[in-house]
Amino acid sequence: MRRSQGYNYQPLPQQAPGSSGQASGDALEEENERMAEELKGKIGALKSLTIDIGNEVRYQDRLLRGIDEDMDRTGGFMSNTINRVVRLGKGSHRNYMCYMFLFVLAVFFVLYLILKLR
């Protein structure tokens with residue numbers, strides 16, 4: 001199962017007991033030291049990556065909070081504007097709505113002419 005997952009550790013060949021046991025122990029110790037150094041390097045890379053991810057998350061959180069506050073302010077501004085337009089449309093101010101509509105239509109027509117004649 002480990003071979004299919006890319007596990008590449010190859011055990012050291014075992015020597016017969018009594019023949020150069022010290023050399024075999026030293027080779028195992030060197031192998032352990034080498035693997036420990038590789039592991040330290042990988043752990044350091046993961047630590048710096050984790051720190052970078054944390055910094056990015058905090059930055060994105062600040063941006064989202066700012067956008068949320070801006071949207072709240074814009075929503076309040078829009079609701080006040082809509083309330084004013086509705087209030088303008090009620091009662092005896094119907095002529096004002098007609099004048100406002102004609103004014104907006106005239107502005108768009110003038111902009112159309114300016115852009116067309118350019």
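The protein contains two helices and zero strands. The model is a predicted one. Of its 118 residues, 2% are buried. The accessible surface amounts to about 11200 Å², and carbon and sulfur atoms account for 62% of this area.

Five salt bridges were found in a search of the whole structure. Among them is the pair Glu31 and Arg34, whose closest N and O atoms lie 2.7 Å apart. The two residues are three positions apart in helix H1, which spans residues 21-89, so about one helical turn separates them. Glu31 has a relative accessibility of 16% and therefore counts as buried, the cut-off being under 20%. Arg34, with a relative accessible area of 41%, is partly exposed.

Arg34 also forms a salt bridge with Glu38, with a distance of 2.4 Å between the closest N and O atoms. Glu38 and Arg34 are four residues apart in helix H1, so this pair is likewise separated by about one helical turn. Glu38 is partly exposed, at 40% relative accessibility.

A further salt bridge joins the side chains of Glu37 and Lys40, with an N to O distance of 3.7 Å. In helix H1 these residues are three positions apart, and about one helical turn lies between Glu37 and Lys40. The relative accessible area of Glu37 is 48%, which places this residue in the partly exposed class, whereas Lys40 is exposed at 56%. Through salt bridges that share partners, Glu31, Arg34 and Glu38 are joined into one network.

Note on methods
Residues numbered from 1 in each chain as written. Predicted model: local features only at pLDDT ≥ 70, side-chain atom pairs only at ≥ 80, totals over all residues. Heavy atoms only, no water. Buried < 20%, exposed > 50% of the residue type's maximum accessible area, 1.4 Å probe, protein only. Areas by Shrake-Rupley, 256 points an atom, 1.4 Å probe, with all protein chains shown as cover. Salt bridge = Lys/Arg side-chain N within 4 Å of Asp/Glu carboxyl O.
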